[in-house]
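Subject: Structure for your reading

Dear colleague,

Please find the structure below.

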Amino acid sequence: MTKENVQGAGEEEQQAQSKKALKKQQKEAEKAAKKAEKQAKLAAEQQEAEEDDFAKDRYGVCPMVQSQQKLDRALVRVQDLTPEKAEQQIWVRARIHTSRAKGKQCFLVLRHQQFTVQALLAVGDRASKQMVKFAANLTKESIIDVEAVVKKVEQKIESCSQQDVELHVERIFVISQSEARLPLQLEDAVRPEGEGDEEGRATVNQDTRLDNRVIDLRTTTSQAIFRLQSGVCQLFRDTLINKGFVEIQTPKIISAASEGGANVFTVSYFKTSAYLAQSPQLYKQMCICADFDKVFCVGPVFRAEDSNTHRHLTEFVGLDIEMAFNYHYHEVIDSITDTMVQIFKGLRDRFQTEIQTVNKQYPSEPFKFLEPTLRLEYKEAVAMLRAAGVEMGDEEDLSTPNEKLLGRIVKEKYDTDFYVLDKYPLAVRPFYTMPDPSNPKYSNSYDMFMRGEEILSGAQRVHDAQLLTERAMHHAIDLEKIKAYIDSFRYGAPPHAGGGIGLERVTMLYLGLHNVRQTSMFPRDPKRLTP
Amino acid sequence: MALRELSSLEKFLGLKKPNKYSTQGGKKVPVLQNNNGPALIGLVTIASHLVREAKRPELLGDRAERRAVVQQWLEHRVTRLDNCSKEEVKVILKDLNQYLEDKVYLAGNVFTLADILMYYGIHHIVMELAVQEKERYLNITRWFDHIQHYPGVRHHLPPVAVLRNRVYPSGHH
């Protein structure tokens, strides 16, 4: 009885289930049929549309450029798109900075380096509906070739660098497609600090920028910074070569640390170890002893200091100068400061666009300097700091905050962002520094400052093997290790002085930026080895 | 600390014979044993007494309102400024700087006991300020420099260096 009951109930259940299942199947079949119908309809529509598309030869994705043809086609640079080119039909290669579709129109902002121009694609006799749709769906940062007519605009286009013209697109081809999702948005990366907070918009922090450096380098600010930095190098070279200097190349793999072993990188060198040069110091001095008279050197310099500050890198580009002089090392100071002034003038005169571009994101006062350059003695600086309430000893080195404060006081008093501090205490300088003849506590050494931060450290070097040995012993340096260096001075060595500048620091301080990583293309610091 | 302050105040007031003070409790509240009356307790009470003894009542304010202002700042000194935390210091400096914007002295145009005691009380704070901060609290620095050069006030305290020119561009704070 009970069993039957259960069985009956089970049958009923089964029946109900199969009924349900049947219904379900039916429904699904209906759905699938509908879907297929829809798809077929869509495909048909698409086909129809494609067949209908009169402009289908005017757009598309280009096959990969593998150099299969030499097109006789001149590509105009975006920066050259000016009203003079109005009504001309031209080809442009650029990136898609932004695209915005609006009904039958599509607005594109095309970018090449730090220049942008507006392009317009509208349904008409030149472009079809499909073509506009294609343009609107292009991913940001894709590289495209565009044929267009340059048109003058009535109202300036404020958001672009080329404000007086726009492009009326007739053909558009993709040369390289970008992935849809970018690791960072270029607009976010150029937003001035603080401005984003007010509008509730994002800014990109430094680590994200550096992790995606290739994209970050595309921003107008980065483009301007590194163009200006290239200018610093060029002006440095041009000025020195005009002064009769010789450019030298020195080895970066060296057998002994030049100033003590603590802060150099050790590399394995076959069966022994070697070091990465922390400055070309020894080699430029040897070149002086070899009668090259005036030498300079542009190359990488390595510092194994574990300091994570806004102005330290483990590898940077050093601009080094060494020069023989006649009677007084001030001849060398004058030569170096004049070189710096030539660089500042060159940047001011030739890189105004770049300076202004950087200032848009990082506002700073224009860089000021005097001619001839202001030279202060260390004692005077200490007195100025004491007058401001800083307590420090006569022979104490300048701390970073004091350096900056001194920079502010000097700026207030002399209105210059660049000055030389001369006659440092001997105790705080390396062993090869020439002592001051009138006061053995001081030395013939100097630092140069930009916006209150040190950019160059230099001195008259000891060119007498005897005195050099004495000074090395005073500093408890193992004479065996620097034998080759001391021996260089035994066979007649002219009096000489020099100094080394960090390229990244000069660029940073000239532009009034706050972190040296901003002016290093692929920065290396204790925590960063990639990209 | 308070005791040295009181002896400096005595010298400023030109009182011939120095008083003997003791302290009371963990906070070392100064106590003055008065010959012809009960003991006087507390910095402000004793300081006011000394002023009267030196027959310089104008230092407590020559009019009723000014007397009230002086009392207010004397109270501010012992209740807010003394033993305040680092966060409080910032607020105190900011408020005082704003208050002094259109005043030479705390009570307006006349020098009072409030200036002396606020100067003594704030000295260790101003001493520690960096040049940039001194410039940020420009009005305090101006008032402070003025008081430390007021004849006879400074006594036991070291002078604080003050730059007369602004060295930091305004708006960079």
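A cavity is a set of points, on a 1 Å grid over the protein atoms alone, where a 1.4 Å probe fits but cannot get out. Grid points are joined across faces, edges and corners, and a volume is the space filled by probe spheres set on the points.

This is a predicted model, in which local features need pLDDT of at least 70 and side-chain atom pairs count only at pLDDT 80 or more, while totals for chains, interfaces and linings use all residues. Residues are numbered from 1 along each chain as its sequence is written, chains are lettered from A and ligands numbered from 1 in the order in which they are written, and side-chain values use heavy atoms, leaving out hydrogens and water.

The cavity

A search of the whole structure finds one cavity of 30 Å³ or more. The largest cavity holds about 30 Å³ of space. Its lining (residues with an atom within 4 Å of a point) consists of His97(A), Lys140(A), Glu141(A), Leu182(A), Gln185(A), Leu186(A) and Glu187(A). By class, this lining has two nonpolar, two polar and three charged residues. Here Ala, Val, Leu, Ile, Met, Phe, Trp, Tyr, Cys and Pro count as nonpolar, Asp, Glu, Lys and Arg as charged, and the others, Gly among them, as polar.

The two chains

Nine residues of chain B are in contact (heavy atoms within 4.5 Å) with nine residues of chain A. Between these chains, about 790 Å² of area is buried, and carbon and sulfur atoms give 65% of that. Buried area is the accessible area (1.4 Å probe) that two parts lose on being put together, summed over both. The side of chain B that touches chain A has six nonpolar, one polar and two charged residues.

Salt bridges

A salt bridge is a side-chain nitrogen of Lys or Arg within 4 Å of a carboxyl oxygen of Asp or Glu. Over all chains there are 43 salt bridges, but the count between chain B and chain A is zero. One salt bridge joins Asp145(A) to Arg73(A), with the closest N and O atoms 3.8 Å apart. Asp145(A) lies in strand E6 and Arg73(A) in the loop between strands E1 and E2 of chain A, so the pair ties together parts that are 72 residues apart in sequence. Strands (E, at least two residues) and helices (H or I, at least four) are DSSP runs, numbered from the N terminus.

The backbone

A cis peptide bond, with omega about -5 degrees, joins Glu371(A) and Pro372(A). Pro372(A) sits in the loop between helix H10 and strand E14 of chain A.

Yours sincerely

Definitions and conventions:
1 Å grid on protein atoms, 1.4 Å probe; cavity = no way out; pocket = protein on both sides within 12 Å on 5 of 7 lines; lining within 4 Å.
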